[in-house]
Every structure is written in structure tokens, then in C-alpha cells.
Amino acid sequence: MNTALPEDITEFGAVAAKRFTRFGGPQAALQAETDEHLRHQARVALADLGALDLDVRSAEDDLLAAAVLCQAAGAAALPYPIVEELLAIDGARLALVNPEAPRIDHGDLAGDWIAADLDGTRYRVQPSSRTGAKLGPFLVPATLTEPDGTVPAADVDVHLTLGSWRILGAVQQALEITRQHVTARMQFGKPLSEFQAVRFTIADAAVAVRGLHELAKYTISRTGSTAAQVCSADALILRLKAADTARQVLRTAHQLLGALGFCDESDVSILDRHTQPLIRLPVSSEMLALRLIPGVRGGQLETLFSEPVAAEPV
Amino acid sequence: MDYDLGADAVELRKRLRDLISTHIPEGFLGACTDDPKDLATTESFCKLLASDGLLALAWPKEHGGGGGSVWQQTVLREEMWAHHEPRGAQYMGVNWVGPALMRYGTPEQKARHLSAISAGEVIWCQGFSEPEAGTDLASLRTRAIPDGDGWRVTGQKVWTSYAQMASWCVLAACTDPNAPKPKRLSLFLVPMDRPGITVRPIRSMLGPHHLNEVFLDGVEVFADEVLGEVGDGWRVMREALAFERVGIARYARCESLLDRMQNELGDDWDRLPESIRARWVRALIDLRVARLLAYRAVSLQDDPSAGPAASAARIATTTCDQQVAELLFDVLGPSALDSGTSARLHGAIEDHWRYAQAATVASGTIEVQRMLVARETLGDHG
């Protein structure tokens with residue numbers, strides 16, 4: 001067993017993080033809310049990294065590279081639908097939606113879109129325009145056609161998984177900002193980090209983030225190499241855990257940053273607002289848990305004691 | 001990057017499950033029950049494991065070990081705990097007393113103790129905690145006063161697991177109350193039948209043998225019984241306990257109990273309230289995360305970050321213990337409090353709930369684990 005990412009993948013992640021910092025990090029994402037040009041510049045940054053050429057469907061190393069790229073993008077709140085573009089079908093970006101209330105993050109960007117729900121049912125879409133929302137500022141309501149075939153289940157799985165890596169990057173960055181704040185901010189004559197309640201809260205957040213990181217690595221390492229139903233359960237598990245961890249860690253960040261954390265001059269505010277679509281969509285973590293219920297008895301939700309799941313006939 | 005435990009570890013898991021199903025009676029809930037047959041079961045099972053080189057699997061072969069890999073050791077830890085620790089009280093000797101002896105023991109101490117531990121012939125207890133020094137062990141008060149070539153030890157230990165059944169104790173005592181705190185303590189390897197030692201069991205919700213008081217009244221200890229250097233007990237204790245960094249594989253017991261309960265419920269599982277089934281899903285996810293955190297800690301081995309990684313794993317797995325205990329009690333509803341062999345899963349769920357209450361206290365409280373994680377995360381030593 002080797003639980004560490006390959007060195008070259010880690011290096012690629014570091015290069016991506018540097019490039020996104022040069023792009024401007026979360027503050028550039030804030031500007032992108034009102035300056036269209038910046039989203040195009042975000043795409044240029046991705047192109048500079050060779051990210052748009054990654055083959056996440058069939059090249060194992062490319063999938064790993066995409067994972068750390070998404071992690072870096074999440075930490076920077078990069079204002080671009082990188083997962084949707086990496087999983088484009090015939091040049092149309094692939095969005096995951098809830099057909100009952102379809103919303104597409106960055107759906108107003110020029111170019112074709114198609115949508116799929118978690119069952120893999122495919123829809124043609126007609127995005128409308130942005131609503132000026134605080135939470136998910138690039139979120140666009142969309143109209144779906146009648147079902148129009150299916151997309152491969154593996155595409156849905158990779159979509160959920162890479163989106164979870166974006167969430168991972170966002171929560172790691174939120175924890176780092178919080179760490180910096182509590183060690184620098186003096187109250188009652190000493191840094192916040194010397195108060196035990198603060199230390200314990202930081203510890204709990206750190207354990208949650210570590211756990212999500214390990215789960216994300218485990219999931220991406222198995223993608224495509226287990227029975228299809230297990231792979232789909234893995235992706236749902238990761239997304240559920242990512243959403244729950246984000247809720248916990250972002251709450252912690254807000255609480256410990258105090259009023260500063262609500263201000264857009266703090267990256268926590270931007271990370272929180274811009275990551276909300278990934279945390280809430282296409283469905284809530286409660287709905288993800290319900291989708292996983294049949295996997296308990298079916299064995300798709302693997303444990304040390306579950307019987308191996310046979311691969312479905314093609 | 002891969003999460004393959006390796007063919008030898010997979011094979012070991014199967015072998016252990018076969019051994020357990022053959023030699024451990026159905027409904028076995030560990031050595032610490034009111035039924036003396038359970039203690040006998042663990043004693044004979046330990047000897048069986050020892051004869052196959054499995055009891056001290058991770059030890060070097062020269063000391064009677066199996067020379068197994070860390071992943072084989074991980075599988076052993078998982079399978080033993082999942083099946084209610086059929087090694088009984090032996091794991092303390094195997095997991096940290098033996099490795100500490102290998103590092104700090106004299107040749108005579110090694111010769112005397114190591115083969116006995118690896119053969120499953122001896123039970124050790126740990127005389128650390130005191131009424132006024134639990135988590136803050138460096139402050140313990142039991143005194144070792146020089147007497148001839150050795151010392152006389154007087155004081156009291158508490159919460160000492162297995163003290164009634166143990167034949168040896170690693171006893172921590174203060175040899176120099178005027179020295180700086182880290183230099184006050186020494187560790188002694190003391191037979192439990194030595195005059196002056198009195199054990200009093202403490203009745204508790206955990207069951208017999210778990211908690212005891214040990215009274216030390218002028219107990220004679222000798223120079224050749226010191227583990228490590230005199231005055232170096234605090235460092236030896238800390239480093240020795242690091243051998244047991246990852247701790248108990250509590251997640252494995254939880255996964256096993258959920259699996260057994262699901263099998264027992266059969267189609268009735270589908271009729272459980274949706275809220276319970278959703279909690280079941282979340283419990284399995286949290287257990288997966290706890291397991292992966294444990295694997296990460298194991299994989300780091302001697303890396304400086306291994307300590308905080310193990311603390312993170314322990315926080316995750318001990319909280320899972322309590323989460324699963326509550327979930328299964330809610331599944332059982334009115335029969336949750338039934339105990340004994342006629343209860344569901346032969347009382348395993350009621351037993352688990354009681355034992356889970358100690359999960360965040362025993363072997364380093366969750367508060368201590370949080371302090372260690374916070375210290376690393378914040379990059380300080382506050």
C-alpha cells in the first residue's frame with residue numbers, strides 16, 4: 001500500500017497552485033463576478049497548464065493530474081467550469097443537474113452545454129442568465145429538454161469525484177486562512193490560538209480535512225478499477241463527505257474569523273460563496289445519503305466485511 | 001498510489017477468520033466477562049496464535065515473532081478487534097511492552113521476558129495512572145525510595161486494566177522528586193506476586209478485569225528491574241507508547257457489528273426508518289474515513305508527522321465507536337438494553353455501547369489527541 005500521490009502529480013498540483021495564485025486567487029474570482037474578461041483569463045491559465053488536454057476518461061495519470069488541478073482550482077475559487085469542460089461530450093460541456101431545479105455553474109459562458117442527472121439521464125439545456133446571487137454568483141438557471149439518451153455512468157462518477165477534489169482544495173485553503181488568522185489575531189492579550197476552545201475547534205476541522213483528503217485519494221485511485229456499481233457508490237460517498245466537511249470547516253472558518261470572514265476582502269467569504277454550488281448541487285448530502293441506502297445491503301458500499309460485488313454484464 | 005494491502009495480508013485475513021471461526025465460540029465477547037470460560041478461550045487462542053508465529057506477528061523472528069509486514073500487522077489488529085479481541089489481555093505485552101523491551105531492555109531482561117510474551121504465556125499490566133495523575137502522567141506521585149541496591153515503592157495506581165490476571169507490571173514511579181519534571185520518573189518491571197502489591201477490582205459498566213486499583217506498600221524493586229535508565233522513565237514511556245500509535249482498530253469492530261446486525265435483520269433492514277438507514281450510510285462512510293486515516297498513520301511509520309496522523313486517526317475511530325453504538329441502540333429500540341447471550345447478537349451491541357463510552361478516554365483522551373493535532377496544525381507548542 002502506498003497512500004501518497006505520485007511525486008510528478010504532486011508537483012503538477014504545486015505548479016497549478018502557483019499559476020492560479022498568479023491569476024489572482026480568490027480575489028480574482030471576486031472580480032470575475034463583475035468583469036467577464038477574468039473568466040477567459042482563467043481559461044488561459046488552465047490552457048497554460050495543459051489542463052484542457054487531460055484525458056480523464058481513459059488515462060489514469062491524467063485523471064490524477066485532473067484531481068490535483070481541481071484541488072488547486074478549489075483553493076483559488078478559480079472562476080471556470082473546469083470539471084464540466086474536462087468531461088465535455090462532442091465539445092459540449094457536461095453539467096450535473098437536478099432536473100427538478102436545473103442550475104448550471106458558469107452556464108452563461110459561451111459554448112454548448114449538455115446536462116445529466118445522477119442517474120445518467122441526458123438532457124439538452126437552455127441556460128438563461130446569471131441572477132446576481134451572492135451564493136454561487138455564476139450559477140445560471142437552465143431549462144432542460146425531455147430526456148435525450150444517457151451519458152456513461154463513469155462520466156457521472158468522475159464528475160462527482162473531481163468536483164469533490166475542488167471542494168477539498170477549498171476547505172484546505174479555508175483551514176489555512178483560519179490557521180493564519182487565529183495565530184495572528186490577539187484578543188485578551190494573547191493570540192486566539194492559545195484559547196483551548198479555539199485549538200480544539202481547529203483540531204476537529206483539521207481531522208475532518210485530513211479525512212476528506214485520504215478519502216479523495218482512495219476514491220480517485222480506485223476510479224475505473226472496481227465494479228461499476230462500486231465505483232458509482234465511491235463517487236457518491238466522496239461527494240457526500242466533501243459536502244459535509246465543507247459545511248463543518250467553512251462554519252469553523254466563519255466563526256473563528258468573526259466579522260472579517262463575512263467580508264469579501266477575506267478569501268473565506270469568496271471561497272464559501274463560490275463553493276456553495278458544489279456543496280449543494282446537484283443534490284444535497286441528505287439526498288446523496290438516501291441514494292446510497294440500497295448500496296448497504298447490495299454491498300456496493302464496501303466494508304471490511306461486505307461480499308465482493310460482481311461486475312454488471314455489459 | 002495504491003491501497004492494496006498485498007497478497008500476504010489478504011491471505012492472512014482469510015487465515016485469521018478461519019482460525020477464529022474454528023476456535024472461538026459463537027457469542028464470544030472478549031476476556032473481560034463474568035464467564036471464566038472466556039478467559040480460558042483467550043489463553044488457548046493466544047497459544048495457538050503463538051505456535052503459528054501470529055501472536056507477535058510484527059516482532060523479529062529472533063524474539064519469537066513472525067517478522068510480518070506492517071500491513072499484515074494492520075490486518076491482525078483489524079481481525080482481532082473485529083472479533084472481540086480473542087487475544088484477551090495479551091495485546092499490551094505484544095504491542096508495546098515487548099517492543100519497548102527490545103529497544104530499552106538489558107540482554108537479561110530481553111531473555112527473561114520476550115520469548116514468554118511472544119509465546120502467549122504471560123499477561124502484563126501497565127501501572128501508570130494514579131488517582132491524581134491520569135492524563136498528566138509526568139505528575140504521578142508513587143515514590144520509589146532508595147533502599148540498599150534497589151528501591152521501596154509506595155503509592156497507588158488506578159484504572160489498571162488486567163491487574164488481577166497479570167503476572168507482570170510495567171510500573172512507573174518517582175525516583176527523584178527534586179529533579180526537573182521529565183527526569184523524575186523511572187520504569188520498573190515488577191512481578192505482580194511480589195509482597196506489598198494489593199489489587200482491588202473496581203466494579204464498572206465496562207465489566208470485570210477492565211479497571212482495578214493497585215496498592216503498593218513498600219514493594220521492593222531491584223536495579224536489574226529498571227527499564228531504560230533511572231530517571232528516564234518519562235521519555236521511555238512516551239516513546240514506548242508510540243509503538244502503539246495507531247491504537248485499537250475500533251473501526252473494524254464497528255464495521256463487523258453493522259455487518260452482523262444487517263445480516264441478522266435480513267429483509268427487515270429495508271423496513272427500518274429511512275432516517276436510521278441514512279445514519280447507517282453515514283456511519284459506514286465515517287468508518288471508511290477512519291480506516292483510511294489509520295492506514296495513512298501506518299504508512300508514515302517513522303516520519304515525524306506520524307504522531308499527529310495517528311492522533312487524527314484515533315479521534316476519527318473513537319468517535320465512530322460512539323456513533324455506531326448509538327445507531328445500533330436506536331436500531332434495537334426497546335430491546336437495546338437487553339444483555340447476555342439471549343440478547344441480539346449475543347449481547348454484542350449492548351457490550352459495544354458500554355465499551356464505546358470509554359473509547360474517547362482510554363489510551364490517551366480525545367482531548368489529548370486534539371491537543372496534538374492542534375499543535376501540528378497551528379505549528380506551535382502551545
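**Figure 1. Packing of helices α9 and α11 in chain B of a predicted model.** Helix α9 (residues 306-332) of chain B packs against helix α11 (residues 366-378) of chain B at an angle of about 140 degrees, and their axes are 9 Å apart. Axes here are lines fitted to C-alpha atoms, for helices over the stretch in contact, with angles running from 0 to 180 degrees between N-to-C directions; helices (H or I, at least four residues) and strands (E, at least two) are DSSP runs numbered from the N terminus. The angle makes α9(B) oblique to α11(B), where angles under 35 degrees count as roughly parallel, over 145 as roughly antiparallel, 65 to 115 as roughly perpendicular and the rest as oblique. Residues that make the contact include B:G307, B:P308 and B:I315 of α9(B), together with B:I366, B:L372 and B:V373 of α11(B), two residues being in contact if their C-beta atoms, placed from the backbone, lie within 7 Å. The residues of this contact divide into six nonpolar, four polar and three charged (Ala, Val, Leu, Ile, Met, Phe, Trp, Tyr, Cys and Pro count as nonpolar, Asp, Glu, Lys and Arg as charged, and the others, Gly among them, as polar).

Residues are numbered from 1 along each chain as its sequence is written, while chains are lettered from A and ligands numbered from 1 in the order in which they are written. In this predicted model, local features need pLDDT of at least 70 and side-chain atom pairs count only at pLDDT 80 or more, whereas totals for chains, interfaces and linings use all residues.

**Figure 2. The open sheet of five strands in chain A.** The strands follow the order β1-β3-β4-β5-β2 with mixed pairing, two strands being paired if DSSP finds at least two bridges between them. At the edges stand β1 (93-96) and β2 (103-105) of chain A, each with a single partner strand, so one side of each has no neighbour in the sheet. Strand β1(A) pairs with β3 (residues 113-116) of chain A in the parallel sense over four bridges, and A:A95 has A:A115 in β3(A) as its bridge partner.

**Figure 3. The contact between chain B and chain A.** This contact takes 38 residues from chain B and 36 residues from chain A. On the side of chain B that touches chain A, the largest share, 14 residues, comes from α8(B). The residues of that side of chain B divide into 22 nonpolar, five polar and 11 charged.
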